Each structure stands twice: as C-alpha cells, then as structure tokens.
Amino acid sequence: MKVYIHTYGCQMNENDTEVAKQLLVNAGFELVDNEDDADIVILNTCAVRKKSEEKVYSHIGKLRKKRKRIGVMGCVAEKEKEKLFERGVNFVLGTRALGKVVEAVQHGLNGSKVAIFDDTLDEIDYSKVYTRSSKHHAWVTVIYGCNRFCTYCIVPYTRGREKSRPLPDVLKELKTLVERGYIEFTFLGQNVDAYGKDLGNGTSLAKLLREASKLDGVRRLWFLTSYPTDFSLEIPQVMLESGKVARSIHLPVQHGSDKILRVMNRRYTRQDFIDLVNEIRRIVPDASISSDMIVGFPGETDEDFEASVELVKEIKFERLNLAIYSPREGTVAWKYLKDDVPHHVKTKRMSYILNLQKAINRELNEAYLGREVEVIVEARAKNGLYYGRDIRNKIISFEASDELLGKTVIVRVEKVTAGPLYGSILKIF
C-alpha cells in the first residue's frame, strides 16, 4: 500500500516524519512523492500559530474531495484529538505515539477510525531509522516536550512535559548514521538545553556534544532551540574544545521589556539575557547569537517596544526571527490577556525592527568580505547556485555541482548582502 506524508512546522516535525517513514518502510509500505498516488495521506501538523492549523484544515478538505483516506499526526492531532473525526479524518496519532504509526495506518486503510495517544517513544529503535531528507545531514531529536509554559505558547500542551532520550541511545543512532555516510547532525528539542535533566544521571547537552565530537566521521554538530535560564556555559567551553561543534547559538529572548517578559512567564530579566550573551562571547568571542522576538504582545507600550529596539541594537543578533503576537487558543495569554495592541501598530513595530535587523545583518556581513571560510555544501538554491554554512551558521552561495553536496570546501567571500554571502570555491577536501 502507498503512503504520502505532508509535513508542516518545525525541524522536530521533519524528524518525526523521517521516523514515521522509516517505520512504515520497515513494515512493507511504499512511500510516494505525490499525494494523488497514495492510498492514504498523513498530515504531520503544527499548531504553534492559528494560521498553521487553518492550513491543515484546508488540506483535509481538499483530500476529502479527492476521497482520500487521511491520517493526522503532530500538534494539531494532540490538540484536537477525536474532534478531527468530524472533519473526515481516519486516524489521529498523538505526538508521543509515533511508535504506533504503522498500527494507525493499518486501521486507517481498513476504514476503522482510531485515535492513539500512548507514549511509545521508548519503543522506537532509532538506530534503525535512516530515512533522511538529506544525504549528509540528519536531524536527531534528543528531548521531547517543554516544562516552561510561556503564556503565549501552545507547545507544552501539545508536546507534553520534557522527556530525554538516554545518551547511549542517541550515540547509537549517530554511529549508525555515520556508518551510512552522514557527517552533519543537529540535536533537536523544544528546549534542547534541558536535555538530560530529567534523567538524573549527569547527562547534559554539553556532555552529548562532547561525546558526539569524539565519533570518527562526524564533521559538524548543531543544536536547537535553547532557553536562556537552562543554557549552560559548559556548552561554549565544548565549542572551544571541539572544532566540530558549530559556534552558533539560537537563544530566543522574545522581548526587551522586563514587564512583558514577566507577563510572558519567561523567568529571566533583560539584564539576565544580556549578561548571558556577554559570558558566551567572553568564552567564544566569535560565537554567533541568533534569536526570536515577538512584537505587539498584550500590554506592550511604546516604552516596552523601545526596550526591544534597544536590546536588538545592543546585542546585534546575527539573525532575528520576528513574529507579530496573535492569541493562540488554549494558552494562558489567550484566556487571561486582552489582545489590546492594534494590528496597524503591530505591523509598524514589526517593520521597524525588521529594517533595523537588516542593517545589522549588512554590517556584520561586511566583516566577511575577502575572508576564506570552510563550508559544507548543503543544497542547490532556486537561482541555480549552491550554498552551505560555515561554523558560525553564515550562509554562503557559490557555483558548484551535485557531486559536491556534503563535501567540505573553502570559499572566498567576494560579495556581501544583508542576507546570503557570495563567493567562489578555492579548495575541495
């Protein structure tokens, strides 16, 4: 029988899809690249924003018109549960029930409706999961869930409490992937810095990075996403020790105002965040710090917004993901806080910080002009050029060929923009 999986959302969803595909292939199912060719279509869903959820419902409607059997997994499945049957879905698979995807698909194909929410993550042998979208890079989820309960975020309700995979299990998966030619790995978690804390045996993200660095064949290690109060300064120490750990830290701040940070339940102050970034840069002076920020949160005044602007100017993030606040059903902010910042004010504030960050990006990129950097060739872009990232997560485009995908090259930077850098290959390893 033929299965097609469409993935919405974050890198963890992408990894869940890879795991689901491997489990289905191992059970004898055929994966297809077009939903029209499939006997059943699985939607791996995201519920972080209302718009993401609405896209899922629209997709379900189109599939029903095609008379397709439909399965829903991911965060919308966990949020809506059996209510999805009212939309014509054949099976619903919770975020922690990934290990039962084969059972769910079998029910869906047989015409029986089933909703599975058992925690089956421990039943998955990740060392047998080697279906990846890339031939040289692999996402590796090391911790599920989040205990932070920020007032605007639905994730703790859809992904559950933090649950770490045992360190030997993660290393076993890495060894299997290295044997299959993978050289680059990104450790994933909604709060990846909390990795190991629930195990109570000394496991930590720093320890994982240190042990993974020892594996022959591993060339570069990344991790996403960090939470400021859980971030350990042992991690930049590991960056100094190992040339394999990327000097790139994504550290979401969300706002520059202490008042808004308290209402968000972020558990740190503006100064706490600044002090942490300064300590990271003291240990690793060339560390690349990127972040997330929300504008227009309930109660945000002009003074609060200005605090965010000044923080962006002071830190000078390498990259900044910006989002306009919108209430998310099921969160504390949706229930108790009035969405009182007018939409036109939100968009004006968003535009202001976007332009500010663009200028900062250009300024930081200027320092790369004429430099020779080591890059792993990642993919071909729509413009026909290939691109890769250096150890600071700086994207560089250049002329290449498919034969160089996954190869390490030296590129001289010849042109800078506020976005990608452009250059030419000088050496191939």
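Which residue of S16 does Gly388 stand opposite? In this predicted model, in which local features need pLDDT of at least 70, side-chain atom pairs count only at pLDDT 80 or more, and totals for chains, interfaces and linings use all residues, Gly388 stands opposite Ile396 in S16. Residues are numbered from 1 along each chain as its sequence is written, and side-chain values use heavy atoms, with hydrogens and water left out.

The chain is divided into domain 1 (2-116), domain 2 (126-366) and domain 3 (369-428), the bounds coming from an automatic or database domain assignment. The C-alpha centres of domain 1 and domain 2 lie 27 Å apart. Contact, defined as heavy atoms within 4.5 Å, involves 21 residues of domain 1 and 29 residues of domain 2. The area buried between domain 1 and domain 2, of which carbon and sulfur atoms give 51%, is about 2200 Å²; buried area here is the accessible area (1.4 Å probe) that two parts lose on being put together, summed over both. On the side of domain 1, Met12, Glu18 and Arg96 lose the most area to domain 2, and together they account for 31% of what that side buries.

Polar pairs also cross the interface of domain 1 and domain 2. The rule finds three salt bridges there, a salt bridge being a side-chain nitrogen of Lys or Arg within 4 Å of a carboxyl oxygen of Asp or Glu. Twelve residue pairs, both at pLDDT 80 or more, are found in polar contact across the interface of domain 1 and domain 2. A polar contact is a pair of N or O atoms within 3.5 Å; within protein, one must be able to donate a hydrogen and the other to accept it, and residues adjacent in sequence count only if both atoms are side-chain atoms. Helix H1 (11-26), helix H2 (50-65) and helix H3 (75-80) each supply at least two residues of the side of domain 1 that touches domain 2, and H1 gives the most to that side, with eleven residues. Helices (H or I, at least four residues) and strands (E, at least two) are DSSP runs, numbered from the N terminus.

Glu53, found in helix H2, forms a salt bridge with Arg328 in which the closest N and O atoms are 2.1 Å apart. Glu53 counts as buried because its relative accessibility is 5%, where buried means under 20% relative accessible area, exposed over 50%, and partly exposed in between (1.4 Å probe, protein chains only). The side chain of Glu53 also makes a polar contact with the side chain of Lys79, at 3.3 Å. When residues up to four places away in sequence are not counted, Glu53 touches Cys46, Ala47, Val76, Lys79, Glu80 and Arg328.

Arg96 has its place in the loop between strand S5 (91-93) and helix H4 (101-110), and it counts as buried because its relative accessibility is 13%. Leaving aside neighbours within four places in sequence, the residues in contact with Arg96 include Glu78, Asp118, Asp119, Tyr144, Arg159 and Glu162.

An open sheet of four strands, with mixed pairing, has the order S8-S7-S9-S10, two strands being paired if DSSP finds at least two bridges between them. Its edge strands are strand S8 (163-164) and strand S10 (220-224), each of which pairs on one side only. Strand S7 (residues 137-144) runs antiparallel to S8 and is joined to it by two bridges, with Ser164 in S8 as the bridge partner of Ile143.

Ile376 has Arg389 in S15 as its bridge partner, and Ala379 stands opposite Tyr387 in S15. S14 and S15 form a hairpin with five residues between them, and Gly384 in the turn has a positive phi of about 95 degrees. S14 is also joined to strand S17 (residues 408-416) by five bridges, the two strands running antiparallel, and Val375 stands opposite Val409 in S17.

Strand S15 (residues 386-389) has a covered face formed by Tyr386 and Gly388, and an uncovered one formed by Tyr387 and Arg389. S15 pairs with strand S16 (residues 395-398) in the antiparallel sense over four bridges. In the hairpin of S15 and S16, which has five residues between the strands, Asn393 takes a positive phi near 70 degrees.
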